[in-house]
Every structure is written in structure tokens, then in C-alpha cells.
Amino acid sequence: MPEGPEIRLAADKIAKAIVGRPTTEIFFEFPQLKGFEKRLTGRTVTAIETYGKAMLTRFDNELNIYSHNQLYGIWMVRKAYDWPKTTRSLRLAIHNEKHSALLYSASDIEILEDWEVPEHRFIRKIGPDLLDPSVTVEQVALRYMDDRFKRRRLATILLDQGFLAGIGNYLRSEILYVAGVHPKKRAIDCTPEQVQKLAEASVMLTRQSYETKGITNDLALVKRLKAEGLTRSQYRHYVFNREDKPCYDCGRPIVKEMHGSRRLYLCPVCQP
Ligand SMILES: [Zn+2]
């Protein structure tokens with residue numbers, strides 16, 4: 001499942017193809033949305049926004065297409081009407097003179113009027129988006145210590161989009177490792193310094209991953225590992241996907257565990 005940085009990178013690509021251009025045709029597969037095809041054709045896309053793993057395509061007539069990819073949805077950006085070879089089912093197509101933005105396999109697509117956006121059941125409950133530049137480390141530290149979250153295991157809240165938007169499975173392991181905190185701990189068990197480190201790592205790693213297209217490891221170390229001939233999958237993360245490999249800090253083997261039926265990697269020495 002794509003995480004916040006991947007969703008935002010996909011959104012950037014879609015935005016480049018369709019924002020600021022009038023649409024020439026809109027297609028919806030779902031019968032209940034068919035009526036909107038006409039109302040959105042000829043209108044201009046004004047922005048693509050992301051809310052955690054959901055995406056909002058905004059139009060200049062106060063209408064918005066909300067889409068959530070869930071597990072199987074995938075966007076493809078093509079030259080206009082240059083259809084890809086795929087057996088997936090097309091759910092939404094936004095065409096303009098130059099490009100087609102195509103959403104396949106997603107089942108969660110809705111039309112929202114502007115006033116409905118903040119009230120939407122998913123958008124309403126989503127936590128602060130770590131890729132929003134106005135979100136600060138201080139705000140994130142306060143959120144860790146919020147009554148709603150401080151007594152739940154860190155491994156659990158870090159995958160809760162209502163806590164912070166945009167964190168997914170690899171970022172969860174990487175944040176806990178950089179903060180030096182064991183996944184079974186709760187924020188209330190941590191020292192103020194550890195909470196501060198968790199907040200810093202949450203913000204810093206998510207933004208670095210967006211800027212580097214998915215790299216969470218220390219960038220100076222990445223440079224050295226690259227020079228040594230390691231591949232991207234080998235140098236990409238501190239601990240994620242590195243079971244039995246030596247910790248970059250202490251040299252002890254990285255351990256893989258299951259938390260909430262998802263993989264989690266940690267260094268038992270650096271994360272006591
Ligand atoms: Zn270690």
C-alpha cells in the first residue's frame with residue numbers, strides 16, 4: 001500500500017498533467033456518478049490535494065472528485081487517449097487536450113461540493129498531514145502526548161491515519177528506529193526527549209522520503225553505500241526490509257516482528 005510520500009508524488013504527476021487545463025471529457029464508471037460527467041466537462045481543474053491516502057481533484061465550479069485508492073486503485077497519467085494495456089477496470093478518466101489521467105480499480109470515488117469537503121467522513125477524522133509545510137515538530141510532539149493517543153502502543157498509532165496522516169508501514173519502522181524507541185512502548189512511557197525525537201523523526205523522515213522518492217536512510221550514509229556498489233533496495237532504509245542485516249549504528253542484527261499483522265523491523269539494542 002502506498003504511503004503519504006508516494007501518494008503525494010503520484011498527485012504531483014497528476015497535477016502536472018491536468019491542473020490549470022480545461023477538461024475535454026470526463027468518464028465515470030459508477031452509474032451514480034454518470035450525471036456529473038457533463039457538469040465537469042469543459043471545467044478547469046484547479047488543484048490536486050491529498051489527505052493521507054485520499055486524493056481530491058478540485059474543479060472551478062465548486063465540485064470535487066474524492067478518491068481513495070484503498071489497496072488496489074492505481075492512477076496512470078498518459079498522453080491524451082493513449083490507453084495503457086491493462087486488464088484493470090477503468091473507474092475514472094479525466095481528459096484534456098494533452099493528457100489523460102486514468103484511475104483504475106479504485107472503488108471509493110465520490111463527488112463532493114466544496115462545503116462538503118471538511119465534513120467528509122474520511123477527511124474529517126484525518127490527522128495533521130506531515131507533508132503540509134505548516135505542520136511543525138512542536139505540534140506533532142503535542143499530538144503524541146494527546147489523551148487520545150498517549151496510552152496506545154506506538155506501533156498501533158503510527159498506522160492510524162487519524163493520528164498523523166501519511167505514515168505507512170516502512171515509515172513506522174524507520175521513525176521508531178531513528179527515535180530509538182521500542183514499538184511496544186506508548187508515548188506516556190517515553191521521556192520528553194524521546195517524544196521530541198519521535199516528533200522530529202516523524203516530520204523529517206516523511207519529508208525526506210517525499211523529496212528523495214522513498215529514501216529514509218541517512219543521506220551521507222546512502223552516498224557511501226552507493227559508492228560501495230549497493231543497490232537501492234539495500235541502501236534505502238535504516239531497518240525496514242533488513243532482517244538479519246547489521247544495524248548501521250551498533251552492528252547487531254535487525255529483527256523482524258509482526259505488529260497489527262504488518263511487518264515491523266527494529267534493532268533490539270538501539271530500541272530497548
Ligand atoms: Zn542498533
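Predicted model: local features only at pLDDT ≥ 70, side-chain atom pairs only at ≥ 80, totals over all residues.
Colleague: Let's start with α6 and α7. Are these two helices parallel, perpendicular, antiparallel or oblique to each other?
Modeller: Helix α6 covers residues 169-179 and helix α7 covers residues 192-211, and their axes lie 8 Å apart. The angle between them is about 135°. Angles over 145 degrees count as roughly antiparallel and 65 to 115 as roughly perpendicular, so α6 is, relative to α7, oblique.

Colleague: Which residues of α6 make the contact with α7?
Modeller: α6 passes α7 in a right-handed crossing. On the α7 side, the contact uses Q194, K197, L198, A201, S202, L205, T206 and S209. By class, the contact has seven nonpolar, four polar and two charged residues. The α6 side consists of L171, E174, I175, V178 and A179.

Colleague: Which residue comes just after α6 with a positive phi?
Modeller: The phi there is about 70°. The residue just after α6 that takes this value is G180.

Colleague: On to α4 and α7. What is the handedness of their crossing?
Modeller: Helix α4 (residues 137-144) packs on α7 at an angle of about 125°, with the axes 8 Å apart. The two are therefore oblique to each other. Their crossing is right-handed.

Colleague: How many nonpolar residues does the contact of α4 with α7 have?
Modeller: α4 contributes V137, V140, A141 and Y144, while α7 contributes V195, Q196, L198, A199, E200, S202 and V203. Two residues of the contact are polar and one is charged. The nonpolar count is eight.

Colleague: Now for α1. What span should the 15 residues of this helix have?
Modeller: Helix α1 runs over residues 4-18, and its end C-alpha atoms are 21 Å apart.

Colleague: Which helix do the buried residues of α1 pack against?
Modeller: The buried residues of α1 are G4, P5, I7, R8, A11, I14, A17 and I18. They pack against strands including β2 (45-51), β3 (54-59) and β5 (74-79). β6 (90-95) and β7 (99-104) are also among their partners, and the helix is α7.

Methods
Residues numbered from 1 in each chain as written. Axes fitted to C-alpha atoms, helices over the stretch in contact; angles between N-to-C directions. Helix = DSSP H or I, 4+ residues; strand = E, 2+ residues; numbered from the N terminus. Parallel < 35°, antiparallel > 145°, perpendicular 65-115°, else oblique. Left-handed = near helix turned anticlockwise from the far one by under 90°. Contact = placed C-beta atoms within 7 Å. Nonpolar A, V, L, I, M, F, W, Y, C, P; charged D, E, K, R; others polar. Expected span 1.5 Å × (residues − 1). Buried ≥ 20, exposed ≤ 12 C-beta atoms within 10 Å, placed from the backbone.
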